[in-house]
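These are my notebook entries on a structure that I examined for the first time. I recorded each point as I looked it up.

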Amino acid sequence: MDKKLLTAILYLKDGNAVKSAEDHEVVGDILEMSSLYSDSGIDRIIVFDLSEADVEHEKNIHVLKEINRIVEIPVVAGGNINRLEDIKKLLYAGCRQVIINASKQGVFELTKEGMDRFGKDKLILSLVNADVLFKNKGITDFVDEVLVLNEESANSYDDMYDSEYTVYVGEYNFDRCVELLNREKVNGIVGDFLSDIHTDIMKLKNKFIDAGIMMSRLETNLKWSDFKLNSDGLIPVIVQDYRTYEVLMLAYMNEEAFETTLKLGKMTYYSRSRKELWVKGMTSGHTQYLKSLTLDCDNDTILAKVSQVDGIACHTGARSCFFNELVKKDYVEKNPLTVFENVYNVIVDRKENPKKGSYTNYLFDKGLDKILKKLGEEATEIVIAAKNPDQEEIKYEICDFLYHAMVLMVEKDVTWEDIAQELSLR
């Protein structure tokens, strides 16, 4: 039995998250909401673009790019899909799939064209009434799944079609959700109650699991009894930012804290001074959402990679508890991630704060054509150097090329995270 998906839904109007397709009241920061969904246990985000003009549409696509830059879960987008180019734009913005409205004129031809160009796994068909499919027989063969936006239409769709579908649930009712999720063809539910940032998604998932529904959750390969504990019956936990690998803090867990962490998806520790459990961020708001736990070779220390809310792990308000420098020896940074980020940030600083005599500022002042010309020249130099047996020459030319490529990235507002995101999808 496949695991069922819980999907949050966002309505995007003029770059903002709004209440619904009909009510355009702004409900919060869309990037913060998306990041919270990604951390809190939501399996997928659906974004509906409510734009009415091209300028707004392009603005919303830019926001979608930003959303895909910061989240790890799949983002699916729909709205304003009238031609193949619209599908391409959303996929190129990083969206995993594109939703096509089954009620649109010419939907059969558009969906078929989209399947031929991008593959059926990139397409979802949305419908309010299953009867609309009678006019477009066979269209469900062109898409990966169907999004049924009217809960009452779920019965009709279930009887008539074989493809998997997701159901929009208007009002939350636990028993009704269980009934829908138990259907073989239903791969998940979506609803405004799942989009409410106050909904405890992991608590809800655990309720569904207790009702016999398969859900994605954090599961461990080892039991607590496999750990080697200290004299107090605890195991130390080194906490690391999952993006930057920066060490944030050291804490301890007992068995209850360990199990609670897995159940909530939030780092939970045992306070040796207060002799009690504490969920990190419960009072401060600086929650740590768990990304992974790894046990060391002696089974006596856990490494936790987390998403740190607001970037503050220390009770002093510092990002990391490790800020009292004792000894430091100068060294050359060779971590590729750090080196690329550092050089990129220097280029960004040059653009924002020009420096007289800077070659980087010379390139920015000359404009895009000059940057592209230099990039082309450096690419040619790599080809020439590759024919030379001296490896030093090709390393030098590749460095020149990467530098000019980063200048272009800054000029076009492309980050290393954008590049990594694209590569991860290939």
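Which helices and strands do the buried residues of H6 pack against? I kept in mind that the model is predicted. I found that these residues pack against helix H5 (154–160), strand S9 (165–168), strand S10 (186–190), helix H7 (192–195) and helix H8 (201–210).

**Entry on H6.** I then looked up the residues concerned: in helix H6 (residues 174–181), Cys177, Val178, Leu180 and Leu181 are buried. They lie on the same side of H6, because the arc they cover around the axis is only 165 degrees. I noted the general rule that an α-helix has 3.6 residues a turn, so residues three or four places apart point the same way.

**Entry on the neighbours of S5.** Strand S4 (residues 44–49) pairs with S5 in the parallel sense over 4 bridges. Ile45 stands opposite Val75 of S5. I traced the chain from S4 through helix H2 (residues 54–70) to S5 and recorded a right-handed β-α-β crossover. Strand S6 (residues 97–101) runs parallel to S5 and is joined to it by 3 bridges. Here Ile99 in S6 is the bridge partner of Gly78. From S5 the chain passes through helix H3 (residues 84–92) to S6, and I recorded this β-α-β crossover as right-handed.

Definitions and conventions: Residues are numbered from 1 along each chain as its sequence is written. This is a predicted model: local features need pLDDT of at least 70, side-chain atom pairs count only at pLDDT 80 or more; totals for chains, interfaces and linings use all residues. Side-chain values use heavy atoms; hydrogens and water are left out. Buried means under 20% relative accessible area, exposed over 50%, partly exposed in between (1.4 Å probe, protein chains only). Helices (H or I, at least four residues) and strands (E, at least two) are DSSP runs, numbered from the N terminus. The arc is that of the directions from the helix axis to the C-beta atoms. Contact means heavy atoms within 4.5 Å. Two strands pair if DSSP finds at least two bridges between them. A crossover is right-handed if, with the strands pointing away from the viewer, the path from the first strand over the helix to the second runs clockwise.
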